[in-house]
Amino acid sequence: MKNHYKTAEIILSALPYIQKFRGQIFVVKYGGSAQIDESLKDNFARDIVLLQLIGIKVVVVHGGGKKINSFLEQLDIKSDFVDGLRVTDEKAMEIVEMTLSGLINKQITSLLVRHGARAVGISGKDDGMLKAKPLNNGKYGLVGEITSVNDEVIKALLTSDIVPVIAPIASDENARSYNINADSCASAIAMKLRAQKVIFLSDISGVLDKNGELISRLNAQKIATLKADGTINGGMIPKLDACLECVNNGVGRVHIIDGRVAHSLLLELFTDEGIGTIIT
Ligand SMILES: Nc1ncnc2c1ncn2[C@@H]1O[C@H](COP(=O)(O)OP(=O)(O)OP(=O)(O)O)[C@@H](O)[C@H]1O
Ligand SMILES: [Mg+2]
């Protein structure tokens with residue numbers, strides 16, 4: 001009986017959060033780096049199902065960096081990273097799109113469905129949702145900068161209690177494909193939807209300082225300093241740019257959390273302490 005009381009207490013401790021979050025829109029960026037083992041993937045899917053069942057409108061945007069690397073390597077296609085972005089030529093673009101839109105998008109969608117959610121996997125090409133042009137005049141090849149977001153299809157899915165699972169691929173008026181950094185994709189969608197929260201699930205405990213210690217809170221000024229001295233590099237550069245864009249454009253809260261920790265989403269959302277880094 002004692003244990004049953006404990007269970008009731010634990011469930012009730014989430015009540016204020018559930019009351020607050022009900023009806024809100026959360027964008028969850030599921031990083032390729034966080035899609036590591038099967039049990040973590042199952043936990044992620046169950047967390048999303050739970051969020052959806054308590055009335056949060058969840059949109060999942062995913063990356064797939066690690067899987068893309070392994071396919072490119074197998075096919076002997078070279079791709080370099082500059083400023084944390086994958087320079088993408090036409091050959092690499094085909095693999096990027098196949099991996100993100102064909103493989104990973106459907107894996108995540110079917111996982112959510114298996115755990116009891118209604119989920120539909122799409123890319124930014126579906127319904128002309130994401131339009132793009134070459135980022136920095138083509139400095140990174142077919143890496144695109146999103147020029148417009150048409151959120152009609154996302155809204156239609158959310159209204160029907162379906163979780164949209166979005167692969168970060170966009171197109172231009174000539175139906176050419178662009179590789180969009182998944183973090184920028186999540187931020188563009190969150191801004192358009194005026195989401196209350198964006199949560200980036202990655203493979204690190206949050207943003208780390210020079211000594212490798214977790215920084216719990218960051219603002220634009222601190223980010224600029226850490227970028228200038230090289231503490232922030234690689235994939236963390238576009239991630240923090242995306243975070244700042246969100247906070248400067250009406251998104252309520254932005255979190256970077258550790259996808260390697262089981263149920264990190266629930267820990268961040270339903271406890272006062274939270275985990276990871278909050279960008280304000
Ligand atoms: N100061 C920093 N603090 C934390 N991580 C950092 C820092 N600077 C660079 N990084 C790197 O950023 C990485 C996270 O970005 P990365 O793009 O690799 O993953 P992701 O965005 O989660 O996945 P994907 O790009 O596949 O969607 C970390 O694994 C870490 O190596
Ligand atoms: Mg990344």
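Student: Which residues is Lys41 in contact with, leaving aside its neighbours within four places in sequence?

Tutor: Contact here means heavy atoms within 4.5 Å. In this predicted model, Lys41 touches Tyr30, Gln35, Ile36 and Leu111.

Student: Where is Lys41 placed?

Tutor: Lys41 sits in helix 3, which covers residues 38-53.

Student: Is Lys41 buried or exposed?

Tutor: Buried means under 20% relative accessible area. Lys41 has 17% relative accessibility, so it counts as buried.

Student: How much of the protein chain counts as buried?

Tutor: Of its 280 residues, 50% do. The chain exposes about 13,400 Å², and carbon and sulfur atoms supply 51% of that area.

Student: How many helices and strands are there?

Tutor: The protein chain has 10 helices and 16 strands. Its radius of gyration is 18 Å, close to the 19 Å from the globule rule for 280 residues, so the chain is as compact as a globular protein of that length. Along the principal axes, the C-alpha atoms fill a box of roughly 60 × 45 × 35 Å.

Student: What share of contacts join residues at least 24 apart?

Tutor: Take contacts between residues at least 6 apart in sequence; 73% of them do.

Student: How many positive and negative side chains are there?

Tutor: There are 32 positive and 32 negative ones. The centres of the two sets lie 4 Å apart.

Student: Which domain does UniProt list?

Tutor: An unreviewed UniProt entry lists "Aspartate/glutamate/uridylate kinase" for residues 25-258. That stretch is 39% helix and 26% strand. Its end C-alpha atoms are 21 Å apart.

Terms used:
Residues numbered from 1 in each chain as written. Chains lettered and ligands numbered in written order. Predicted model: local features only at pLDDT ≥ 70, side-chain atom pairs only at ≥ 80, totals over all residues. Heavy atoms only, no water. Helix = DSSP H or I, 4+ residues; strand = E, 2+ residues; numbered from the N terminus. Rg over C-alpha atoms; globule rule 2.2 N^0.38 Å. Buried < 20%, exposed > 50% of the residue type's maximum accessible area, 1.4 Å probe, protein only. Areas by Shrake-Rupley, 256 points an atom, 1.4 Å probe, with all protein chains shown as cover. Lys, Arg positive; Asp, Glu negative; His and termini not counted. Charge placed at Lys NZ, Arg CZ, Asp CG, Glu CD. UniProt positions renumbered as here; feature names shortened; annotations may be inferred.
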